[in-house]
Amino acid sequence: MKTQPDKYGHFGIFGGRYAAETLMPALIELEAAYRAAQKDKSFSKEFEEYQRQYAGRATPLYYANRLSESLRGAKIYLKREDLNHTGSHKINNTLGQALLARRMGKKKVIAETGAGQHGVATATVAALFGMECKIFMGEEDIHRQAPNVFRMKILGAEVVPVKSGTATLKDAMNEAMRYWVSSVRDTFYIIGTTAGPHPYPQMVRNFQSVIGRETKKQIIKMEGRNPDVLIACVGGGSNAMGIFYTFRNQKDVAMFGVEAAGHGLNTTEHSASINAGKVGVLHGNKTYLLQDEHGQVRDAYSIAAGLDYPGVGPEHAYFHATKRVKYVTITDKEAIKAFSYLSRQEGIIPALESAHAIAYAMKVAPKMAKDKLIVVCLSGRGDKDAQTIIEKGGVR
Amino acid sequence: MGRIGDKFESLHAKNEKALIIYLTAGDPSLGVTKELFFGLESAGADILEIGVPFSDPTADGPVIQAASQRALKAGTTLQGVLDLVTDVRKTSSIPIVLFGYYNPIFAYGPKNFAQAAKKAGVDGVLVVDLPPEEAREFRSHTDVAGIDFISLAAPTTPEVRLRRIAAEATGFLYYISITGVTGTAVPRIEDIKREVSKIRRITKLPLAVGFGISNSKQAQEIARFADGVVIGSAVVRLIDENKSNPDLVKNVCTYVREIKKALRWQVDD
């Protein structure tokens, strides 16, 4: 496979840099700063040190014995990104971007957030590096992810409620971009996923790719070989890209990205951009989008706030187009079931986002032989979702 | 040269500056947009910038965001906007620029759009989120159709980049007067003047300034050194405030007439 992206940030026909002129110079400057940091050994050394000492990496690759046994099929391993500091994989990326912001002399950071995991991870690194921090969050998400809102405030961040649209992640990102247009000279925008204009998809992928590198090392140590199947949930797709990227050229590894089917693909209430969307341009990149026939972006829906986004990272669009990754879907109901099941089988409460990946593993594992290996990226912990689950009657 | 170039030339010959008025198509309805169209032309608008509503207008402030939402709720589509242009073009020769975001055009099909827009009588397009780096495919259709590709220059644009943008732009160059989204800050005249004179050394294209201009005083001051001023949010706000007023068109036209008057006085300074 050719190295992606090209120098303008294109992954095949996807990606690119579709941004207002006010932001273009900042994106070009960011790209140059990132390239320089990539070449600077002291940057990667510092990044790795923070990952180890502060975030708590490496995260374990845990063999889920009871889960696997109960499903009577393949062996299921969980890549425990939920054990990172702040409770999800998001810290991998925010540490990288905050270090870059510091290197560029920016003392203010902003971010969008859906589930609040990226917001918390950004507020955390802002506190760590003494930066001023504003988090844009949809009002709807502020209600359903209240614990994360408190965490951000405790960490000293300002949470800016976004009322436009459906008041979820897409609208938070619109507002963050607008704010960035007016503050671009001194503010660094920490985008939370492998989307946005170039160089974000590539940069976030690279910061997250530690997940896949560790997984490869760990599974080889434990099993002596690559996994047969990788499964990860996909909203924007940063945890999935993080675990997939290392294995992209390993033909023996099948990869599944799990999109949120919400109330079902036959309804309008889902977030399955690849499975049910069309190619379009939003938030700076060309990718699959949920949209109507006139090119108006539709509102996404998922019980998992972090998957509630009408687009998907451009490299996922590319992996779909080239058939490298198969993108499948899991409904709210299936995710809730998996949420409870993993909690009771393994004593691990997964984030509702990650529960989508678990649910898909529960579907395929029983159909696979006992000596086959599945790795699921358990991207985050589920404490934040307790309220949602209780309201939906997911726990009896 | 197209209608846009001709307009700047004829204004230049009269020592007058262009008044460019933005309004969101379909806010509150395409019928009202059509009435406003003719009203604005007779009130002295030189060029009309017709906003094609989009669900996610990331470069627009609250006023135009709300207008886009109203227009979309009223069922406005890109096809509807093109039909409106076709209709008014039967009797009007005012230059028309479509202003919007790329996704509705991409969904329409860039080639189909270029042909349909030309046929409708569109003179230029300004696609906010389509910088020169991504514009190649689109322009391969609009250039062939003879539609001007109006390009943006921002206060943050460095000179090297400015040269490239100016070299590739057609129609006029649109200088964004504030580091911000539309209608959200007061432009600083001295800064704009300095930037505009810098751009002058780079290009012979007419230069219009917009994004934060809301009154005749600002318009007049900017017109001293620019070739045109764009008024957007202020007009859109006025339309919204008067949406149930039978004198909507009249009130908007009074406002526009006053600004045009200020731009004419300019000459006598």
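**Entry 1. Salt bridges between the chains**

A salt bridge is taken here as a side-chain nitrogen of Lys or Arg within 4 Å of a carboxyl oxygen of Asp or Glu. I applied this rule to a predicted model. I looked up Arg161(B) and Glu21(A) first, and their closest N and O atoms are 2.8 Å apart, so the pair qualifies as a salt bridge under the 4 Å limit. I then asked how many salt bridges the count gives between chain B and chain A. The count is two.

**Entry 2. The interface as a whole**

I next recorded the extent of the contact. Chain B contributes 35 residues, and chain A contributes 35 residues. Between them the chains bury about 2800 Å², and 54% of this area is on carbon and sulfur atoms.

I then asked which elements of chain B each supply at least two residues of the side that touches chain A. They are α3 (62–73), α5 (102–108), β6 (151–153) and α8 (159–168). Of the elements of chain B, α5(B) gives the most to this side, with five residues. By residue class, the side of chain B that touches chain A holds 20 nonpolar, nine polar and six charged residues.

**Entry 3. Chain B overall**

I counted the secondary structure of chain B and found 12 helices and nine strands. The radius of gyration of chain B is 17 Å, close to the 18 Å given by the globule rule for 269 residues; chain B is therefore as compact as a globular protein of that length. Along the principal axes, the C-alpha atoms of chain B fill a box of roughly 45 × 40 × 35 Å.

I also looked up burial in chain B: 64% of its 269 residues count as buried. Among the contacts in chain B with a separation of 6 or more, 73% are between residues 24 or more positions apart.

**Entry 4. Salt bridges within chain B**

I returned to Arg161(B), the residue of Entry 1. Within its own chain, Arg161(B) forms a salt bridge with Glu133(B), and the closest N and O atoms are 2.6 Å apart. Glu133(B) lies in the loop between β4 (124–127) and α7 (136–145) of chain B, whereas Arg161(B) lies in helix α8 of chain B, so the pair ties together parts that are 28 residues apart in sequence. Are these two residues buried or exposed? Both Glu133(B) and Arg161(B) are buried.

I examined a second pair in chain B, Arg70(B) and Asp240(B), which form a salt bridge with their closest N and O atoms 3.4 Å apart. This pair links distant parts of the chain, with Arg70(B) in helix α3 and Asp240(B) in helix α11 (residues 233–241), 170 residues apart. Arg70(B) is partly exposed at a relative accessible area of 22%, and Asp240(B) is partly exposed at 24%.

I searched the whole structure and recorded 43 salt bridges over all chains. One pair that I followed in chain A is Lys170(A) with Asp299(A), a salt bridge whose closest N and O atoms are 3.6 Å apart. Lys170(A) lies in helix α8 (residues 169–183) of chain A, and Asp299(A) in the loop between β12 (285–289) and α13 (314–321) of chain A; the pair links distant parts of the chain, 129 residues apart. Lys170(A) has a relative accessible area of 4% and is buried, because the cut-off for burial is under 20%. Asp299(A), at 33%, is partly exposed, because this value falls between 20% and 50%.

**Entry 5. Surroundings of Glu112(A)**

I closed with a glutamate of chain A. Glu112(A) is in strand β5 (residues 108–113) of chain A, and at 4% relative accessibility Glu112(A) counts as buried. Leaving aside residues up to four places away in sequence, I listed what Glu112(A) touches, including His118(A), Phe136(A), Leu169(A), Met173(A) and Ile191(A).

Which residue joins its side chain to that of Glu112(A) through a polar contact of 2.8 Å? The residue is Tyr189(A). A polar atom of the Glu112(A) side chain also lies 3.0 Å from the backbone nitrogen of Gly192(A). I recorded one C-alpha to C-alpha distance as well: Glu112(A) and Val162(A) are 9.9 Å apart in space and 50 residues apart in sequence.

Definitions and conventions: Residues are numbered from 1 along each chain as its sequence is written. Chains are lettered from A and ligands numbered from 1 in the order in which they are written. This is a predicted model: local features need pLDDT of at least 70, side-chain atom pairs count only at pLDDT 80 or more; totals for chains, interfaces and linings use all residues. Side-chain values use heavy atoms; hydrogens and water are left out. Contact means heavy atoms within 4.5 Å. Buried area is the accessible area (1.4 Å probe) that two parts lose on being put together, summed over both. Helices (H or I, at least four residues) and strands (E, at least two) are DSSP runs, numbered from the N terminus. Ala, Val, Leu, Ile, Met, Phe, Trp, Tyr, Cys and Pro count as nonpolar, Asp, Glu, Lys and Arg as charged, and the others, Gly among them, as polar. The radius of gyration is taken over C-alpha atoms; the globule rule is 2.2 Å times the number of residues to the power 0.38. Buried means under 20% relative accessible area, exposed over 50%, partly exposed in between (1.4 Å probe, protein chains only). A polar contact is a pair of N or O atoms within 3.5 Å; within protein, one must be able to donate a hydrogen and the other to accept it, and residues adjacent in sequence count only if both atoms are side-chain atoms.
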